[in-house]
Amino acid sequence: MLNIENLSVKVGGREVLKNINLTINPGEIHILFGPNGAGKTSLLMTLMGFQGYHVTSGLIILDGEDITRLPVNERAKRGLGISFQRPPTIRGLKTAQLLDICNQHGQDIEKLSYDLALQDFMDRDINYGFSGGEIKRSEMLQLMLQKPSVALLDEPESGVDLENIVILGEAINRLLNKIIPHNAIQSHKEIRELRKESGLIITHTGHILNYIEADIGHVLYNGKLSCMGNPREILHCLEEIGYEECIRCRSN
Ligand SMILES: Nc1ncnc2c1ncn2[C@@H]1O[C@H](COP(=O)(O)OP(=O)(O)OP(=O)(O)O)[C@@H](O)[C@H]1O
Ligand SMILES: [Mg+2]
């Protein structure tokens with residue numbers, strides 16, 4: 001579904017991503033760990049096609065199509081969606097107006113806004129005066145309305161309290177179509193075949209792993225993807241010995 005091949009990226013004249021290779025197959029949820037400044041947000045912003053992230057080499061392939069040079073709106077049309085780590089405040093644009101724009105598939109905005117406890121935010125300007133957790137829920141609602149085939153989530157649980165993290169976890173599962181009636185499936189293989197939406201999720205704390213079924217974890221360190229494996233094992237390793245030791249021992 002999404003193939004990143006030998007991707008190197010410069011931001012502000014500095015190389016922040018070096019030779020990244022990553023394949024995300026349909027239905028897979030990948031987790032991206034990495035210390036502050038490692039380049040995680042830069043990777044997501046580059047995949048989405050934002051200005052200022054200059055691809056110096058490599059390719060981004062979505063569903064077999066080279067999207068490396070496409071503008072952000074064309075990538076969104078093809079099924080890429082992002083929730084930002086720090087989205088902007090937009091004075092003069094009501095939350096309801098933006099949600100209407102996002103709602104390309106005729107979903108029930110009112111019901112979804114209740115599910116995300118955002119029903120009282122419709123008349124407020126986008127993110128203006130929102131708390132950290134409210135911003136994250138609003139980001140998720142916008143993304144759910146877009147129904148992306150590949151969702152890029154930049155620290156979706158950062159600053160979110162314990163009750164709201166449950167709401168966000170459910171929202172991510174719905175976004176990635178992971179809620180399937182038990183009687184509809186018999187095996188793990190069948191579940192995988194039913195799932196088509198994919199996700200790339202950045203997390204520092206790993207709390208979100210308690211609410212979603214993630215498939216593969218990676219560590220981004222100094223702009224390089226250093227290892228790949230079970231996300232819970234990687235998190236445990238990071239907690240025990242830290243980033244530097246973790247990538248050293250896992251790459252040996
Ligand atoms: N416009 C810019 N000009 C110069 N440097 C930049 C610019 N944007 C990002 N950087 C630098 O690129 C590096 C990677 O930043 P990035 O935001 O991708 O890190 P991150 O892994 O998401 O970190 P965090 O966990 O703190 O969110 C940082 O050192 C950052 O200061
Ligand atoms: Mg970041």
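The model is a predicted one: local features need pLDDT of at least 70, side-chain atom pairs count only at pLDDT 80 or more, and totals for chains, interfaces and linings use all residues. Residues are numbered from 1 along each chain as its sequence is written, while chains are lettered from A and ligands numbered from 1 in the order in which they are written.

I begin with the chain as a whole. Its secondary structure comes to eight helices and twelve strands; these are DSSP runs, helices being H or I of at least four residues and strands E of at least two, numbered from the N terminus. The C-alpha atoms fill a box of roughly 50 × 45 × 35 Å along the principal axes. Of the 252 residues, 38% are buried, which requires 20 or more other C-beta atoms within 10 Å of the residue's own, whereas exposed requires 12 or fewer, and partly exposed lies in between, with C-beta atoms placed from the backbone.

I turn now to the ligand. Ligand 1 is surrounded by 14 residues, the closest being Gly-12, Asn-36, Lys-40, Thr-41 and Ser-42; to be near, a residue must have its C-beta atom, placed from the backbone, within 6 Å. Strand E2 (14-24) and helix H1 (40-48) are the elements that give two or more residues to this shell. H1 provides the largest share, three residues.

Next, helix H6, residues 162-175. Ile-167, Leu-168, Ala-171, Ile-172 and Leu-175 are buried in H6. Viewed down the axis, the buried residues fall within an arc of 140°, so they line one face of the helix; the arc is that of the directions from the helix axis to the C-beta atoms. These buried residues pack against helix H5 (132-146) and strand E9 (150-154). The face turned away from the buried side carries the exposed residues Leu-162 and Glu-163.

Finally, which residues does Ile-60 contact, leaving aside its neighbours within four places in sequence? They are Ile-4, Leu-7, Leu-47, Ile-67 and Thr-68, contact meaning C-beta atoms, placed from the backbone, within 7 Å. Ile-60 lies in strand E4 (residues 53-62) and is buried, because 24 other C-beta atoms lie within 10 Å.

Terms used. Contact = placed C-beta atoms within 7 Å.
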